[in-house]
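Let's take a friendly walk through this structure together. Please have the sequence and the 3D view at hand.

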Amino acid sequence: MSLRSSLLRMAGLFHSQRRDREFQAELESHVQLHIDDFVRSGMNPAEARRQALIKLGGIEQTREAWRRQGGLPAIESLTQDVRYAFRAMRKNPGFTCIALLTLTLGIGANTALFSVVNGVLLNPLPYPHSEQLAILYQKSALADQGAVSYANFLDWQRQNETFLSMAAFREQSFNLTGEGEPTRLSGHEVSADFFPTLEVKPVLGRLFTGDEDRVGGEPVALIGGGLWKARYGSSPSVLGRGITLNGVRYTIIGVIPETFLFYNGYGTQVWTPLGQWNDPTFRDRRIAMGLNVIGRMKTGVTLDRGRQDMERVAHTLAEAYPDADKGAGVTMVSFKQDMVGDIAPFLLVLLAGVGFVLMIACANVANLMLARATGRAREFALRSALGASRGRLVRQLLSESVLLGVAGGVLGLALAASGTRSILALLPDAVPRTREISVDFRVLIFTLAVSLLAGIGFGLAPALRAWRSNLMDALKEGGRGVAGRRLRAQNAFVVIEMATALVLLVGAGLMIRTLAALWSVDTGFDPHNALSFYVAMQPDLGSDPTHIRAELRKIHEAVRNQPGVVSASVLAGSLPMQGDSELPVWKIDEPKPASAAESKWTLFYGVEADYLSAIGLNLLSGRFITQVDSEHSPQVVVVDDYFVHKYFPGQNPIGKRINVGMLDLQPEIIGVVGHVKHWGLDTDATAKVQAQIYIPCTQIPDRFMPLVGNGIAMVVRSANDPGAQIPAMRKTLANAQQVVYGAETLEEIIAGSLAARRFSMVLLGIFAALAVVLSSIGIYGVISYLVGQRIQEIGTRIALGAQRGDVLRLILGRGFALTLSGVGSGSVLALILSRQMKKIIYGVSPSDPATFAAVAVLLIAIALLACYLPARRAMRVDPMIALRYE
Amino acid sequence: MGEGKEVPQGTLALMVLKTLQSMGSLHGYGIARRIEQTSGDLLSVNYGTLYPALLKLEQEGYIASEWGVSENNRRARYYRLTRAGKKQVERETREWNETAAILGRFLNPEESR
């Protein structure tokens, strides 16, 4: 077809009415001319008209043929099909509602989950050329991905050949004082290269210079756009203003865009230069004070080449500083991997799960359509008798199903747009990058594709039926037709649905078992009725160790005297599941290890006497720290049973002395407590440093006291709901210009460590429930249909003396057979698929027989219940009425 | 009806064009009659099939149409060849003759020897 005629035909789709009228006139003139001829040859006018019409071949037929030439037939019949489909949908509101609801749920859930996968896993990180960014960790005896010491960072920065720029950053929250009530601000200490590395430009002012990133540099600070707006009304005059952070007066030199997010979902509020920190511990090459490193690779450099380069740097450093860096390496991962790597397996399992739900939804709608198509067999027979080709009928059925699919897609999109946020809000912490999740172009394309595929998917079965159907049969059987074959397809769909539902149930079941297993893991402490929070000391604390110790005791007293508090303890070091602080130790009669790699490492907690009862440790032997143990009494230490097992196997450790490196202590072991799962319920057993020691925090040497005062935690056990204590704590300590932050009950901390799993369990549970409901509706529909089909037969049977129980058994047996084959094939499928969940389950085997058995029984019970309703109807068939149907 | 041969596929357009070439401007009924007469009444078609063919030729730009008045004072739509139509007649005539000649050689091989 030439372009010109295509265009004309396309145009013919429009203003077709005028052209129709004109052609009508042309035909009339044609007939008139013909009649004139006939009449001239002597025919009477009526006969002449008849002959002329015969010769023409019929006015309507001619017009139809002419119209077909006039427009694009495919599009015209498509618009016709769509219009017809709309009409069919409107005429059958019950069917349409159920089908739409099913599809909306199915497509909506898929869209929602895909938008999460898209936002978190697929989209690049929101930094320019983010694929060049990599995170670098120090690999050591302590951890594969450990923090980096500042001295090592400076050497990495100088010696590498991989990176355009490299920067260090360290989380550090600040007390803002001097302007009304003291406030806690989230912050980072960063090296001067930090923002250039991320290619972030300030919206106002400038970034840090190299000179400011040194000891003795000007105290300057950058603030985030959020803080700028909230506290300074976005005024440009903020530049040059002073801000007191942790008691130090800084000058604001710039504002970072509010949109800049770094790891956390909220905007960081303050940045200060890292290099100004002049603490000997911070400068000690052996000690990594929570420092992390990010680098921007030169264009064209791969991660692998970068890794080789950094290995070389690490090797050089190990030779130069064997005591600190011997055996140490570098772990380098892409920024994105670092940010979302942990969540990927969860999201992929969930995406598969939600895909299964859609499959069930499609099977259900297909069954509905099959049932309807049978009811419409006569309509189709009539249409094909009137000249509709098979292709045309198939096309019409497909347009109906695709229309349904697209409508479901639009509704599903709306559902997803509103639902995604609420699900994510329900389970914070579970997924990173949630702020970046949105319905973007890729999500739209996905939804469109899913809707079309779904539409074609569930429309195919009835369409194929229409293709194969025999006109004569359909007309002869008067619409009841082809039951056997139709049921075969329906049965197959129900088996598929049951199998899929079983797979989802197994997934949800495994997640439930995982969480149950994790919850029942002995944490080593008693999280019930316990609370922890951090305390930022008053800004004028100073560095006098005696004063700091006195302040710590005061805090303890203040908290201890709160009504409802049973016991409380200051904690220097880190809370279980919240951070880490490791030290090397060696026995008193051993030489000091030559390097960090050869040291025995242990986690350390600086605590008070009440820590034992506050967090609820198990004292196994000896005694715990008491009030007697102070800076003036002999040095003591309590170790955990893992420590004994690892460093004093088969010995009684009590009375032995150890060297605690870095703290320069030689305490005597006075007691043994149970191990605490510091690294999380599931990962603790694989952590590199598991041994734990407890030291009286007052015995921490003078020179480290300022570091202790830098930020401490408190653990509080209360008589009742610990969460209710938080406001009172905040108030009490605020009187002393101290700020309480990060308050959480220990139960919340444990729950937080399980967030991703809980998220998966909840979602898989929802998907499984959806799947069970949908497949129950499916089997209910099929059995109902079966009963309807066989109502005369059942009536006859009853009339001939069959017991009602026999009828019930007959019908239920059918449902049971379908369910069993579904459960059987589903179990096989689940066995294969559940292996993919290995990464996210814990304490339960992917082929756990108990889970499989339980979900199989559950599914069979629900399916039989769904079959019971129609079966009961069959049982109550009145033989007279059933027989009268004929 | 029923007597006479069907018009072979694809030849109706050429017949229409050729008719318009020899007759100048003509309405649909006239074209149909003329084709029937030219074929010596051997070909018989429903006149209705002519109209889609006319519409197609018009879409392709080989013919144009306008309303006029017939010799016995009836309003009718008159078709005439366009410049492109004239070329098309020549081209199709040539092609048809070639095809016919080739077919002729196949069907009557002894004549071509």
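A:R170 stands opposite A:E189 in strand β5 of chain A. This is a predicted model, in which local features need pLDDT of at least 70 and side-chain atom pairs count only at pLDDT 80 or more, while totals for chains, interfaces and linings use all residues. Residues are numbered from 1 along each chain as its sequence is written, and chains are lettered from A and ligands numbered from 1 in the order in which they are written.

Strands and helices here are DSSP runs (E, at least two residues, for strands; H or I, at least four, for helices), numbered from the N terminus. Strand β2 of chain A (residues 163–171) runs antiparallel to β5(A), joined by three bridges; two strands pair if DSSP finds at least two bridges between them. With β10(A), residues 270–273, β5(A) pairs in the parallel sense over four bridges, and there A:V190 stands opposite A:P273.

Are the faces of β5(A) covered or open? Both are covered: A:G187 and A:E189 on one side, and A:H188 and A:V190 on the other, are all buried. Buried means 20 or more other C-beta atoms within 10 Å of the residue's own, with C-beta atoms placed from the backbone.

**Over to chain B**

Chain B has five helices and three strands, in the order α-β-α-α-β-β-α-α from the N terminus. Its contact with chain A takes 20 residues from chain B and 24 residues from chain A, where contact means C-beta atoms, placed from the backbone, within 7 Å. The largest share of chain B's side, six residues, comes from α3(B).

Key:
Two residues are in contact if their C-beta atoms, placed from the backbone, lie within 7 Å. A residue is buried if 20 or more other C-beta atoms lie within 10 Å of its own, exposed if 12 or fewer, and partly exposed in between; C-beta atoms are placed from the backbone.
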